[in-house]
Amino acid sequence: MAALQPFSPASAHPHLSVPSSVSRPHRLGCHYIVNSSISRCSFSKYARMQEGGKIAFFYNPSLIEISQKREVVTHATIEEIQAEKSIVEGSAKEKMDKAIEAVEASFNTVRTGRSNPAMLDRIEVEYYGTPVGLNTIAQISTPDGSSILVQPYDKSSLKEIEKAIVKANLGMTPTNDGQVIRLTLPPLTSERRKELLKVVGKLTEEGKVAIRNIRRDAIKAYDKLEKEKKLSKDNVKDLSDDLQKLTDQYIKKVDSLRRDKEKELMTI
């Protein structure tokens, strides 16, 4: 066997391969590098063994780290983050605006001390076998502060309109003269005011739940973007915090509407 010769790693190719025909010595401290990718190495000795035209490299490493896989981490740009926020938060804001409109419409149906056509907005009438909104088949007006006048476009629907109003339990008894239906608002008793305040409280909570559900769906949209690697975990956290602030603003709007309605109910 030829004498071992010093060998410099600088002269070696980073991907060293040994022909299968090379006889590999089974000695402690002798290792072969076969088709490996080396990220960092520190060797105390390098040697080359040559015998009969066959060449093999072996060494005694003090430290070797071999990396078989690298993970590339990408980060969204500020423009990309803002674009995703604009889509998700913009959609959430639009839905929350509609939720506020729904709360206002619901509050308008709760009678107070003065007559208001909106009190009849939620009433549906069976019209030729199909339930329709009362305000789509009749003209509703308030001739004074204590009465409501319902004038149907089709007088044959008067009976069904009267039946729907009674069923709605608005605290008003309809009077049908064959042409129009008149509703007179009786003075609100203390007991009735308390009942209506409970109704307002229930409608308020329904509005808040609707807004929170919108926030929940928006968070899911952000989570989906994180899974798709379009946003990082930190991005999602920051955007979720902004979404919570937006949600808080709309919850305050609902509370403000509730206070106004309660004040209106308690005004004699």
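Which helix holds both Glu262 and Arg258, and how many residues apart are they? Select the two residues and look. Both sit in helix α5, which covers residues 233-266. They are 4 residues apart, about one turn of the helix. Keep in mind that this is a predicted model.

**Stop one: helix α5**

Stay on the pair and show the side chains. Glu262 and Arg258 form a salt bridge. Their closest N and O atoms are 2.9 Å apart. Glu262 is partly exposed, at 24% relative accessibility. Arg258 is partly exposed too, with a relative accessible area of 28%.

**Stop two: a network**

Next, select Lys224, Glu228 and Lys230. Salt bridges with shared partners link these three residues into one network. Zoom in on Lys230 and Glu228. Their side chains meet in a salt bridge, 3.6 Å from N to O.

**Stop three: helix α3**

Move to residues 158-168, which make up helix α3. Pick Lys163 and Glu160 there. They are 3 residues apart, about one turn of the helix. A salt bridge joins their side chains, at 3.6 Å from N to O. Check the surface again. Lys163 is exposed, because its relative accessible area of 53% is over the 50% cut-off. Glu160 has 28% relative accessibility, so this residue counts as partly exposed.

**Last stop: the whole model**

Zoom out. How many salt bridges does the count come to? The count is 12. Those visited here include Glu262 with Arg258, Lys230 with Glu228, and Lys163 with Glu160.

Note on methods. Residues numbered from 1 in each chain as written. Predicted model: local features only at pLDDT ≥ 70, side-chain atom pairs only at ≥ 80, totals over all residues. Heavy atoms only, no water. Salt bridge = Lys/Arg side-chain N within 4 Å of Asp/Glu carboxyl O. Helix = DSSP H or I, 4+ residues; strand = E, 2+ residues; numbered from the N terminus. Buried < 20%, exposed > 50% of the residue type's maximum accessible area, 1.4 Å probe, protein only.
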